[in-house]
Amino acid sequence: MAFSEKRENNGAAEDSNHSRLIKLREFDDTKLGVKGLVDAAVAKVPEIFRISNNNKHQLPSDLDHSSSGSVLTIPTTAAAAAVRREIVGGIRGSCEEWGFFQVVNHGIPEGILDEMIQGVRRFHELDPEIKKRYYTRDLISGFFLVSNFDLYRSAAASWRDTMGCVAAPDLPPPEQLPDATRDILIEYSKQVKRLSKTILELLSEALGLEPNRLNQLGCGAGQLLLGHYYPACPEPEVTIGVTDHTDASFITILLQDQIGGLQVLHRNKWVDVQPRKGALVVNLGDLLQLVSNDKFISVSHRVVPKRIGPRISVACFLRPLIHKGDTDSPPVYGPIPELLSEENPPVYVEADVREFMRIHSSRGLDEPSPLQHFRV
Ligand code: OGA
Ligand code: NI
């Protein structure tokens, strides 16, 4: 290619990047997210959300899908040792094979789950002028509303808006939470904290560790609670609800409504995670893969958009304490020594979690996970 021709092509690419950036800013400046577009009755999915020909593999139609995965019962504290052993075995199998499972009998009343979904819906359906006040890309300082964490980094934007806040060690003060969701957010977060201790105990046992090990490591000490809103999409075949990604957390505890759309990647096929009334989805994240030295895997997942909606989900990410003031020294995590042996040497170096999270949030969700940076 002649030099001048190449320059022209680069010039065209730059122009199109620039015009995309302007469109992204315009969308972001509305502070009303995808819900705002749907309220304005857009008949076509705007350009910034369209998956381009180069990234066609991200479209929902690319692979077959079936549905499966395990539904496991959380043992009551009174459960006989044999029952508990069996459940722990089931969790181990799911974590090695799938990187996710669903739980029932988890002790959170169904009324609270339903009300949490409703609380997220009420917030996203608030009067736009009220809702706008919460719109920010600062996810640390208080309650927030945002559309697409990675808006300026991803190749195509996702058809989803998100509200949320840090939930552990502490929620923001109650007066900073919107009326539409305050009471249920406080209650749900309390319940999830209790459940997360139990799940981390079961996961410790599934790894062959002392039951308290993952809790002592602080795997649930920091929590981020998100309430996603996936509006009905006029052209679901050209965009995505959320791009294929793995979570940076140790684990994520997810509540989804009955609409469906969540899929996990299993042996190179997308598998639907069937909504199951009263159940919670637990998916493993990159940090658990790191401390388990690849014994457990973080699962790739995505959400496909639908003509019907909204779909609502609530994700609680269990993470270490990472924010300034939470700890004096930066938290460092590596493979747990008890899991290592001559046959099982460490496959990761120790990772400064703040660096890990920085890498996680400075890339598009669709780019490789931070785990790659810490491989031996
Ligand atoms: C997430 C996520 C899935 C869902 O928040 O990381 O993958 O069903 N959510 O909303
Ligand atoms: Ni996720």
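Predicted model: local features only at pLDDT ≥ 70, side-chain atom pairs only at ≥ 80, totals over all residues.
Local features need pLDDT of at least 70 and side-chain atom pairs count only at pLDDT 80 or more, while totals for chains, interfaces and linings use all residues. Residues are numbered from 1 along each chain as its sequence is written, and side-chain values use heavy atoms, with hydrogens and water left out.

Reader: How many residues surround ligand 1?
Author: A residue counts as near if one of its heavy atoms lies within 4 Å of the molecule. The closest are His228, Tyr230, His301, Arg311 and Ser313, and the residues that surround ligand 1 number 13.

Reader: How far does a polar side-chain atom of histidine 301 lie from an oxygen atom of ligand 1?
Author: A polar contact is a pair of N or O atoms within 3.5 Å. For histidine 245 the distance from a polar side-chain atom to an oxygen atom of ligand 1 is 3.1 Å, and for aspartate 247 it is 3.1 Å. For histidine 301 the corresponding distance is 2.9 Å.

Reader: What share of the accessible area of ligand 1 does the protein cover?
Author: Accessible areas come from the Shrake-Rupley method with a 1.4 Å probe. Ligand 1 on its own has 290 Å² of such area, of which the protein covers 96%.

Reader: Which element gives the most to the shell around ligand 1?
Author: Strands are DSSP runs of E with at least two residues, numbered from the N terminus. Those that give two or more residues to the shell are β6 (222-230), β12 (301-303) and β13 (311-319). With four residues, the element that gives the most is β13.

Key: Chains lettered and ligands numbered in written order. Polar contact = N/O pair within 3.5 Å; in protein donor to acceptor, adjacent residues only side chain to side chain.
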